[in-house]
Amino acid sequence: QPIDLRPLLAELETAVDPRPTWEELWHELYHQGDVGSGSYAAVPHLVRIHRARGRVDWNTYALVATIELARGSKANPKVPRWAKSAYEAALLELARIGRNELPRATDPEAVRSILALLAIAHGQSR
């Protein structure tokens, strides 16, 4: 059942404590190995929000990496043509942001998530 992600994304933009919103986004965008076109469409927004918030947050890196790893596996769909260029650009942008944020990352989860995203963005996903 498709869900309108706009309220969750808007909440993520302004939340003082984004943890409950992240929990819900994880549940909606990646569930037991399954992703859908909404997951791919959300990635550019997650990256835009991450950039605007200006904080090192492991959730962005980990969720985007998880969506990318799930892409095309099992019964998961390919990225729709209408979302493909924005999705691919967002992956590259998040990798660039990650290279800049890695020296400031102090949380081990953030370091691992940034490194995972960088590996994936550079074709080292398997």
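Tyr40 and Tyr87 are both buried, where buried means under 20% relative accessible area, exposed means over 50%, and partly exposed lies in between, with a 1.4 Å probe and protein chains only. Before I go on, please keep in mind that this is a predicted model, in which local features need pLDDT of at least 70 and side-chain atom pairs count only at pLDDT 80 or more, while totals for chains, interfaces and linings use all residues. Residues are numbered from 1 along each chain as its sequence is written, and side-chain values use heavy atoms, with hydrogens and water left out.

Let me turn to the aromatic pairs. Rings of Phe, Tyr and Trp (its six-membered ring) pair if their centres lie within 6.5 Å, and planes under 30 degrees apart count as stacked, over 60 as edge-to-face and the rest as tilted. By this rule there are two aromatic pairs. In one of them, the rings of Trp26 and Trp58 have centres 6.3 Å apart and planes at 35°, so this pair is tilted. Because Trp26 sits in helix 2 (residues 19–29) and Trp58 in helix 4 (residues 58–70), the pair ties together parts that are 32 residues apart in sequence; helices here are DSSP runs of H or I with at least four residues, numbered from the N terminus. Trp58 is partly exposed, at a relative accessible area of 30%.

Tyr40 and Tyr87 form an edge-to-face pair, 5.5 Å from centre to centre and with 80° between the planes. Here too distant parts of the chain are linked, since Tyr40 belongs to helix 3 (residues 37–53) and Tyr87 to helix 5 (residues 81–101), 47 residues apart.

The buried residues of helix 3 include Val43, Leu46 and His50, and among the elements covering its buried residues are helix 1 (6–14) and helix 5. Just after helix 3, Gly54 takes a positive phi of about 70°.

Finally, Glu101 lies in helix 5 and, at 4% relative accessibility, counts as buried. Leaving aside residues up to four places away in sequence, Glu101 touches His50, Arg55, Val56, Tyr61 and Ile114, where contact means heavy atoms within 4.5 Å.

Conventions
Helices (H or I, at least four residues) and strands (E, at least two) are DSSP runs, numbered from the N terminus.
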